Amino acid sequence: MHLFRKIRKFPQIILFFLPILVISLFFSNLSSAAVEIAEIKFIGSATLPKKFLFQKTEVGGLSGITYDAKNDLYYAISDDRSNKAAARFYTFKIDLSKGSLQDSGVTTIAVTPLLNEAGKTFAAGSIDAEGIALTSKSTVFISSEGDANQLINPFIKEFSLSSGRALTTLTIPTKFLPEKSGKQGIRNNLAFEGLTITPNENNLFTVTENALIQDGSPAKPNTSSPCRILQYNLLTNQPEKEFLYLTEPIAPFFNISRKFASGIPDLIALDNQGHFLSLERAFTGLEFYIALFQVSLAGASDIHNVESILALDTKNIKPVQKKLLLDLRKLDIFLDNIEGLTLGPKLPNGQRSLILVSDNNFNSLQRTQFLAFELKIESPLIRLLRRLRNLNFQR
């Protein structure tokens, strides 16, 4: 009888400890679990003076930006091809202490020329720096589009944050490199624009602004372009995977100039599980189309072994998932050529900030513009509680 009571109590012990085990496992994974952006709120803008000079360089062409949380500083890369001054990145201070960005809230702190492995500045026309991403080692990775017309290869290099000197060069897969026949590789000025590193710094991602020549056509009015996201393993510094990213088909608006350009100039990793915030930008003839998307690699096909998307049935390739979060044309502001984005510090209300920056193309008709946003980011626990609450309301 005593043995029977012990056996009968055993399932009760399991029922007691099972919820504790499940809850423990759930909370242990919260720090590395996926996040989701529930809302984006505009909280102000700032514009630098036209032809603004800092330490004898013209501040402009800002195509990528990254945030240094330790020092509360921002580093923005200029896409000057060493023509107006040596290729360089700038250090900025952006004041969000009151929960918003005022027009006087951006201060230029420093400028750092980029140096090659030999310690020399890059020759004019040899570099087209577009993306920048900070590491915890006081270094930044910077991407260059190269020049397909001159058969200058794109690159991704790691530079010292203090000296600006190149330290490491990542291998670019052959399919991305331009060739003399013009049948393969990046299109000129439509190559590696975006650059981001996951929070755990295990992976780096870059993305082509438009399709490789062998993958499809560049973006056209009402037509998307099949871009490639390229994933690197930063533990080995080798490329690992590639994914298909389809840009939005954008309709031109009152396009007198007949000029049309559209693509993905930047993205930022939100977690270590393949979730990103992407920026798409198009010039539609009279205005800029700027939009933010939440992107997920979940279920997307790895196409690193696919040399040409056109050579395959695209129905067999599953692209990354996209969800429109914000069309910036709905904001009551004049938009310029937005090309860079980064997550910033927490705001006074505890929400995360987001900073966007424009590339003025060193054009007197354009502006260097900083836009600030408040992100409402849901953790897995909050998202679960919200969904449970919604289920109760529906009953």
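**Strand pairing chat**

User: Which residue in β10 is the bridge partner of S144?
Analyst: F155 is the bridge partner of S144 in β10. Strands here are DSSP runs (E, at least two residues), numbered from the N terminus.

User: What should I know about the model before going on?
Analyst: It's a predicted model, where local features need pLDDT of at least 70, side-chain atom pairs count only at pLDDT 80 or more, and totals for chains, interfaces and linings use all residues. Residues are numbered from 1 along each chain as its sequence is written, and side-chain values use heavy atoms, leaving out hydrogens and water.

User: OK. Over how many bridges do β9 and β10 pair?
Analyst: 6 bridges, in the antiparallel sense, between β9 (residues 139–144) and β10 (residues 155–160). Two strands pair if DSSP finds at least two bridges between them.

User: What's the strand order in that sheet?
Analyst: β8-β9-β10-β11, an open antiparallel sheet of 4 strands. β8 (129–134) and β11 (166–169) are the edge strands, each pairing on one side only. Neighbouring strands are turned by 30° against each other on average, direction ignored; the axes are lines fitted to C-alpha atoms, with angles from 0 to 180 degrees between N-to-C directions.

User: Switching to the sheet with β12: what's the order there?
Analyst: β12-β13-β14-β15, with 4 strands in an open antiparallel sheet.

User: Why is one side of β12 and of β15 left without a neighbour in the sheet?
Analyst: Because β12 (192–197) and β15 (238–246) stand at the edges, each with a single partner strand. The twist averages 20° from one strand to the next.

User: And which residue in β13 stands opposite G194?
Analyst: V207. β12 and β13 (residues 203–208) pair in the antiparallel sense over 5 bridges.
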